[in-house]
Structures are given as structure tokens and as C-alpha cells.
Amino acid sequence: MYNIPLFDLNFGKEEECAVVETLKSKWISMGPKCMELEKKFAEMLNVRYACAVTNCTAALHLACCALGIREGEEVICPSLTFAATVNCIRYVGAVPVFADICGNDNLCISAKEIESLITEHTKAIILMHYAGFACDMDKIMEIAKIHNLHVIEDACHGPLSEYNGCKLGSIGDVGCFSFFSNKNISTGEGGMIVTNNEEIYNKVKLMRSHGMTTMSYQRASGHAVNYDIVDLGYNYRMDDIRASIGIAQLNKLRDDLKKRMRIREWYIEYLAKLDYVYIPFKDNDEFASNYIFPIVLKDSTAEKRDLLRINLQKKGIQTSIHYPAIHRFSAYKSFSRNLPNTEYVTDNEITLPMYAKLEKDQIKYICESLMNCYRE
């Protein structure tokens, strides 16, 4: 067991009561709680449509399907992300084209790299807002408009994070969010697709449930008596139990993120003394979710980084790596290309604990332990 784990659930009586209330309602599959969650989420992001799904992977897959990305077409994407961001491209038979990140102080995909990789076969850009900090959306959207490309925002790290006053996930054609157990909004498993495009929304809504024209809840409540299947779809439905937890989580979200911002300030204060670490997004001045707190070691190697993590573990501090580069995985080696910034970060990044319950003395202990372990 760790004295200071990497993350901690922000669960309490609210989530417990929400689940019990849903169980007592006798409706536990997709129904009124899912609709309530969708409405609240759309209002929170100031978008027209939100569609609840089983997880963010399903959201990304449905986004690719709804945008008509087909076999053999190219999709530009980061390698410094979780596998789902890229797996969704392969699900539709398209080709991932890996773009490098900006650098050690900005771990998001590089707009300049994106522009250099566009060919006649490019169909879309999938980006990931790393740690809840925005990619250069003005430049990326400009590139997309010039070349007639779709933009999918993997905003799994960034609920309520902002870019020039807009919520992440609301800027591209489609935004995808995760409610996995360690995310800012946690329902165990779960996700959300958002868009301002009615045609995309209708396609996504249809495909998440087998291409069926009406749902079980509509039929059970007397609003429909039968259904048709009009497209090839999937079983990507969320259930009302998880949706009820999600509603409770949404009600806590802004306060949770404000606490995370304060914790980030403490980290930056204590880490300022360490001249051997980069603090990515250090100068960001927009509201951010601070899903994780990454640092990147200067003039380091993967072996040094791994030894440092082991020594921190001995002091009771859990850390992680976000992320192993996807282009290095066996399944993606055939798509590999030279990504020097990504490769340096994936070898030298350490994710430190980040969650709202952390106290200032714990952050001080983490940073002092980091300093002492580095000197060993």
C-alpha cells in the first residue's frame, strides 16, 4: 500500500444515495438518468448535443463512424496518448499517422507537425488535450478548415478545461470524454460524445444502440410500440446506475477542479527549486482540469527515470507514466515514424499524485522525496 496513492476517488454519500435511488426506481438500463446526465453535460459544455456511451473508446469509435472515416484513409494523431485514441482509427480500417508533440514543456500534439503530415489521403485529425491542457486549437482548426478535415477532440482529461473561453471538446466536430474510475468524472466505466452538429448526433445516437430507432425505455413508457433497425450499430449504451453516479459527480466537479488547481500551485512552488525537471504547461493561465500532474526529467534516460520511480515507491509515493508511446507498441510498429519529442518524454516523464484530497504537507513531502531520491 502507498502512503500517497496516485489518485483517489471523489466519492461520498451523494454517489451512494444516487445508486440506491436508481435501484429503487426499478429502471437500471439506459433511461431517464442517462437523459438527465446528457442534458447536464451538454449545458456544462455549452453544446447542443451530448450522448452517453459505455466508455471513451466507444465514443471515439462512434465519432470515427459518424464522420465517415473509411478504410485506407489517413488520420493524424498523437503517439503520446492512451491506446484508445489510436485504436479507434484502426477499428474503421483507417491509417494512423503519428505526429510529434510540441516539446518538453507542452505535451500536446504539435500543430506544425500536423500541417506537415497532410496528404491527399488525410481525412481527419484526432488530438488529445494532455492532462486537461488545450492543444493549439486556433491553429489546428485553421489547418482543418483549409484542408477540409474533420477534428475529433479526445477530451478525456479535460472536463471543464477551457481554451479562449470555450470548453475543451466543444471546438472540433466531435468531443469525446471518459468517466473511467481514475478520471475527473468517475462512474467506473462510461463516456460521453458531444457535438453541435445535429446530423453527427443523430448518427451517434443511432449507432450506440444497434441502429435501433427507439429504445427500451421509450417503449416501456408508452412512447413507442416497436422499432426498426436502419443502420449497423453497436451496444455502446450507458446504464442508469452509472449515469446516476455521473450526475452526482458533475455536481461536485467544479469544486474538485478548483482544489486541483490549488494543488498544482503548491507543486509548482516546491518544484521551482529543482532545476532538473520540466513542469509541462507551467505558464498556463486558463481554467484546467489538472487530471494528472506530469513532470519531465532534464538530461535523463529511461533507466534513470525508472530508478527514481522505484525510490519514490520505497518512500510510499505512487507514480505512473503517461504514456508509453503508441508507435513503439508491437501492434503499431508498422506505422512508426521518427518522433524525437514524444520519445524523450515517454522515456523521462513521471506522473505525480494528483487528487483533490491532497494536503500541502503531502505535496511538500512528495517534492522533497523527489529531490532526495534524485540525489541518491
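Visitor: Which residues does Gln249 touch, not counting residues up to four places away in sequence?
Guide: This is a predicted model, in which local features need pLDDT of at least 70, side-chain atom pairs count only at pLDDT 80 or more, and totals for chains, interfaces and linings use all residues. Residues are numbered from 1 along each chain as its sequence is written, and side-chain values use heavy atoms, with hydrogens and water left out. Gln249 lies in helix 9, where helices (H or I, at least four residues) and strands (E, at least two) are DSSP runs numbered from the N terminus. Taking contact to mean heavy atoms within 4.5 Å, and leaving out residues up to four places away in sequence, the residues that Gln249 touches are Asn10, Phe11, Glu15, Asn184, Ile185 and Ser186.

Visitor: Is Gln249 buried or exposed?
Guide: The term buried means under 20% relative accessible area, exposed means over 50%, and partly exposed is in between, using a 1.4 Å probe and protein chains only. Because the relative accessible area of Gln249 is 4%, this residue is buried.

Visitor: Which residues are linked with Glu15 in a network of salt bridges?
Guide: Glu15 is found in helix 1 (residues 13–25), and at 3% relative accessibility it counts as buried. Not counting residues up to four places away in sequence, Glu15 touches Asn10, Ile245, Ala248, Gln249 and Lys252. A salt bridge is a side-chain nitrogen of Lys or Arg within 4 Å of a carboxyl oxygen of Asp or Glu, and the residues linked with Glu15 in a network of such bridges are Glu14 and Lys252.

Visitor: How many salt bridges does the count come to?
Guide: One of the pairs is Arg242 with Asp239, whose side chains meet at 2.6 Å, N to O; Arg242 is partly exposed at 33%, whereas Asp239 counts as buried at 18% relative accessibility. By the rule for salt bridges, the count comes to 17.

Visitor: How many residues apart in sequence are the parts that Lys360 and Glu269 tie together?
Guide: The side chains of Lys360 and Glu269 meet in a salt bridge, at 3.7 Å from N to O. Lys360 counts as partly exposed at 33% relative accessibility, and Glu269 likewise counts as partly exposed, at 42%. Since Lys360 lies in helix 12 and Glu269 in helix 9, the pair ties together parts whose separation in sequence is 91 residues.

Visitor: At roughly what angle do the axes of helix 9 and helix 12 cross?
Guide: Two packed helices are described by the angle between their axes and the distance between the axes. Axes here are lines fitted to C-alpha atoms, for helices over the stretch in contact, and angles run from 0 to 180 degrees between N-to-C directions. The axes of helix 9 (residues 240–271) and helix 12 (residues 360–375) come within 9 Å, and they cross at roughly 35°.

Visitor: Which residues of helix 12 make the contact with helix 9?
Guide: On the side of helix 9, the contact is made by Ile263, Trp266, Tyr267, Glu269, Tyr270 and Leu271. The residues of this contact divide into nine nonpolar, no polar and three charged, where Ala, Val, Leu, Ile, Met, Phe, Trp, Tyr, Cys and Pro count as nonpolar, Asp, Glu, Lys and Arg as charged, and the others, Gly among them, as polar. On the side of helix 12, the residues are Lys360, Ile363, Lys364, Ile366, Cys367 and Leu370.

Visitor: How many Å separate the C-alpha atoms of Ala83 and Tyr323?
Guide: Ala83 lies in the loop between strand 2 and helix 4, and with a relative accessible area of 19% it is buried. Ala83 and Tyr323 are 240 residues apart along the chain, and their C-alpha atoms are separated by 9.2 Å.
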